[in-house]
Amino acid sequence: MGFGLMFMRVSDPEVVDADRVGLAEFLAEEGLSSSEESGELVRISDGEALTFDGEWTDLRLDPLTQAEPVSGGIDHATLTEQEVTFIFGLCAAGKMMIINPQGEPMYIVPAGTHDRGDLPDPDATVWVHTPEELAHALGSSFGDFASFRDRALGLSDSGAADGLA
């Protein structure tokens, strides 16, 4: 079981380019490259596809050489600790937000990558500062999310999630 997420950088209402240098550095640190054809992430060491906890993933990232804005996504997120940690790091490095088409929260901003003014709907947004907060925002019930959102809304990026469980 899993659900899809999209990763992109926006400046309301436009999709803008991700931080390509940040993404390239992150991929290099992880020993990965993005396939020019499919966007699949593969290990540089052996050309094998990226896995999380030994399981295949369909996480993809646009080629960093394309002319259009770079974005990414995952069609079947399972929210394992390893997967969430990777997604958080990838999005922080690329200054991308996470869009959750399934609903609440619709927009998740990791590591202060966007300001309130950049967002299409700040009221449907949470700011997370750690992979654990990201897992909570994606995996909690709506009631948990509403409580989390109410505490986070209106606070600055740097303190939006301080002290939140």
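## Close-up views of a predicted model

**View 1. R60 and D75 meet in a salt bridge.** In this predicted model, the side chains of R60 and D75 come together as a salt bridge, with 3.6 Å from N to O. R60 sits in strand β7 and D75 in strand β8, so the pair ties together parts that are 15 residues apart in sequence. How accessible are these two partners? R60 has 29% relative accessibility and counts as partly exposed, and D75 is partly exposed too, at 41%.

**View 2. Strand β8 pairs with β7 and with β1.** Stay with β8 and look at its neighbours. Strand β7 (residues 60–61) is joined to β8 by 2 bridges, and the two run antiparallel. Here L61 stands opposite G72. Strand β1 (residues 3–11) also pairs with β8 (residues 72–77) in the antiparallel sense, over 4 bridges. Find G72 once again: this residue of β8 is the bridge partner of F7.

**View 3. Helix α1 has a buried side.** Which residues of helix α1 (residues 20–30) are buried? They are G22, L23, F26 and L27. These residues lie on the same side of α1 because they cover an arc of only 130° around the axis. What do the buried residues of α1 pack against? Their partners are β3 (32–34), β4 (41–43), β7 and α2 (81–94).

View 4. At the start of α1, a side-chain oxygen of D19 comes within 3.2 Å of the backbone nitrogen of V21. Just after α1, G31 adopts a positive phi of about 70°.

**View 5. K95 and D19 form a salt bridge.** Side chains of opposite charge can pair when their charged atoms come close. In the salt bridge between K95 and D19, the closest N and O atoms are 3.2 Å apart. K95 lies in the loop between α2 and β9 (97–99), while D19 lies in the loop between β2 (14–16) and α1, so this pair ties together parts that are 76 residues apart in sequence. K95 is partly exposed, with a relative accessible area of 34%.

**View 6. R20 and D17 join in a salt bridge.** The side chains of R20 and D17 meet with 2.5 Å from N to O. Both residues are partly exposed: R20 has 21% relative accessibility, and D17 has 28%. How many salt bridges does the model have? The count comes to 4.

Conventions:
Residues are numbered from 1 along each chain as its sequence is written. This is a predicted model: local features need pLDDT of at least 70, side-chain atom pairs count only at pLDDT 80 or more; totals for chains, interfaces and linings use all residues. Side-chain values use heavy atoms; hydrogens and water are left out. Two strands pair if DSSP finds at least two bridges between them. Buried means under 20% relative accessible area, exposed over 50%, partly exposed in between (1.4 Å probe, protein chains only). The arc is that of the directions from the helix axis to the C-beta atoms. Contact means heavy atoms within 4.5 Å. A polar contact is a pair of N or O atoms within 3.5 Å; within protein, one must be able to donate a hydrogen and the other to accept it, and residues adjacent in sequence count only if both atoms are side-chain atoms.
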